[in-house]
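Here is a short note for a colleague, point by point. Please read it with the structure open.

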Amino acid sequence: MTKKRILSGIQTTGNLHLGNYLGAIRNWVGMQDEYDCFLFLADLHAITVPHDPKLLAENTYKVAAAYLACGIDPERSTVFVQSHISAHSELAWLFNCITPLNWLERMIQFKEKAVKQGENVSVGLLDYPVLQSADILLYEPDLVPVGEDQKQHIELTRDIAVRLNHQFGKKKEPVLKVPDALIRPDGARVMSLTDGTKKMSKSDPSELSRIEIGDTPDLIKKKIKKCKTDPMRGLEFGNPERPECNNLLTLYMLLSGQEKEAVAAECAEMGWGQFKPLLTDTAIAALQPIQEKYQALMDDRSYLESVLKQGNEKASVIANKTLIKVKNALGYAKSL
């Protein structure tokens, strides 16, 4: 029986944090036996915000190493670099020409990020959901694992595929497969340590807002010690008036591997002075093996390059096949 395919990726903009690991990568690791996994390094998306060209390539290797250190197996998953496959950019342009502008202007994340960038906001930031649609549709996945905050982008991807199929395909022979979103509730949205109502993010100016996968034990201790809490004793899940409490309990649950009910019972009578050291020790213990493997991978650049070369070659075959289908449907002359 042929496995269903999934497609996902993370921007190569600096070190990955617990939100990336618990909200995405760890889920991918658990899906490798069940699904045909295509996992890319989104370096084209990384330049939609101001970036340092001296760090872009190195950050790509860092994210690749983090994927593997967290448990992504290149023998069971296809790991590749977005910019190394030109079909991503070419299909994005073709999609630009059939995507109504007002579809992009209503995207929530664009509005949020545009406010931060002000007059320096780029066309790329407005248009990156179209590139994201190209990233997905090139590989004809059945499912796209995303958090709730990315659901609107998958809806746009589906709208673009349906629009192209309707305008240029045949009823019994659609040009593009229309994928579904796969949203996993546990850990799908890990929140900031400084504001439990906001998602943990690499773009947050405060390093105290996130625990990065490479943080030292002392730094993890410092960040958890300083993280925002509330004056109430006794910890609980699901109280909308205690978002930080819910977030920190969720982190402990995910990092310790315990069931929600067990964590709720264990921590019901705790104060923050007792819980924070417990969370600190759990986070340090969970990240230690990942950090050791990550460092070994970063020290073996030739191995990382071989993994990416293998993934690029496999992904390129599928991507180019889809691109040709789209170009044929749009009426382009065949390449000579």
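1. Leucine 219, helix 8. Leucine 219 is partly exposed, at 29% relative accessibility (buried means under 20% relative accessible area, exposed over 50%, partly exposed in between, with a 1.4 Å probe and protein chains only). Leucine 219 sits in helix 8 (helices are DSSP runs of H or I with at least four residues, strands are runs of E with at least two, and both are numbered from the N terminus).

2. Basis of the note. The model is predicted: local features need pLDDT of at least 70, side-chain atom pairs count only at pLDDT 80 or more, and totals for chains, interfaces and linings use all residues. Residues are numbered from 1 along each chain as its sequence is written, and side-chain values use heavy atoms, leaving out hydrogens and water.

3. Aspartate 218, also helix 8. Aspartate 218 lies in helix 8. Aspartate 218 is exposed, with a relative accessible area of 62%.

4. The lysine patch. Which residues gather in a patch of positive charge on the surface? They are Lys221, Lys222, Lys225 and Lys226. A patch takes residues with over 30% relative accessible area and no salt bridge; like charges are joined within 9 Å, and nonpolar side chains (Val, Leu, Ile, Met, Phe, Trp, Tyr) within 5 Å. Lys and Arg count as positive and Asp and Glu as negative, while His and the chain ends are not counted. Each charge is placed at NZ of Lys, CZ of Arg, CG of Asp or CD of Glu. Accessible areas come from the Shrake-Rupley method with a 1.4 Å probe, and for residues only the protein chains shown count as cover. Lysine 222 belongs to helix 8, which runs over residues 217–226. Lysine 222 is partly exposed, at 44% relative accessibility.

5. Overall fold. The chain has twelve helices and five strands. Its radius of gyration is 21 Å, close to the 20 Å that the globule rule gives for 336 residues, so the chain is as compact as a globular protein of that length. That radius is taken over C-alpha atoms, and the rule is 2.2 Å times the number of residues to the power 0.38. The C-alpha trace spans about 70 × 45 × 45 Å along its principal axes. Of the 336 residues, 49% count as buried.

6. Salt bridges: arginine 76. The structure holds 14 salt bridges (a side-chain nitrogen of Lys or Arg within 4 Å of a carboxyl oxygen of Asp or Glu). One of them joins arginine 76 to aspartate 33, with the closest N and O atoms 2.6 Å apart. Arginine 76 lies in the loop between helix 2 (53–69) and strand 3 (77–81), and aspartate 33 in the loop between helix 1 (18–31) and strand 2 (36–42), so the pair ties together parts 43 residues apart in sequence. Arginine 76 is partly exposed at 34%; aspartate 33 is exposed at 54%. A network of salt bridges links Asp33, Asp73 and Arg76.

7. Salt bridge: lysine 327 to glutamate 90. The closest N and O atoms of lysine 327 and glutamate 90 are 2.9 Å apart. The pair links distant parts of the chain: lysine 327 is in helix 12 (residues 301–330) and glutamate 90 in helix 3 (residues 87–96), 237 residues apart. Glutamate 90 is partly exposed, at 30% relative accessibility.

8. Salt bridge: aspartate 142 to lysine 177. These side chains meet at 3.1 Å, N to O. Aspartate 142 is in the loop between helix 6 (123–137) and strand 4 (143–145), lysine 177 in the loop between helix 7 (151–168) and strand 5 (180–182), and the two are 35 residues apart. Aspartate 142 is partly exposed at 23%, and lysine 177 is partly exposed at 33%.

9. Glutamate 140. What is phi of glutamate 140 near? The value is near 45°, which is positive in a residue other than glycine. Glutamate 140 is in the loop between helix 6 and strand 4, and is partly exposed at 24% relative accessibility.

10. Methionine 270. Is methionine 270 buried or exposed? Methionine 270 is buried, with a relative accessible area of 7%. Its place is the loop between helix 10 (260–267) and helix 11 (272–298). Methionine 270 and glycine 234 are 36 residues apart in sequence and 4.9 Å apart in space, C-alpha to C-alpha.
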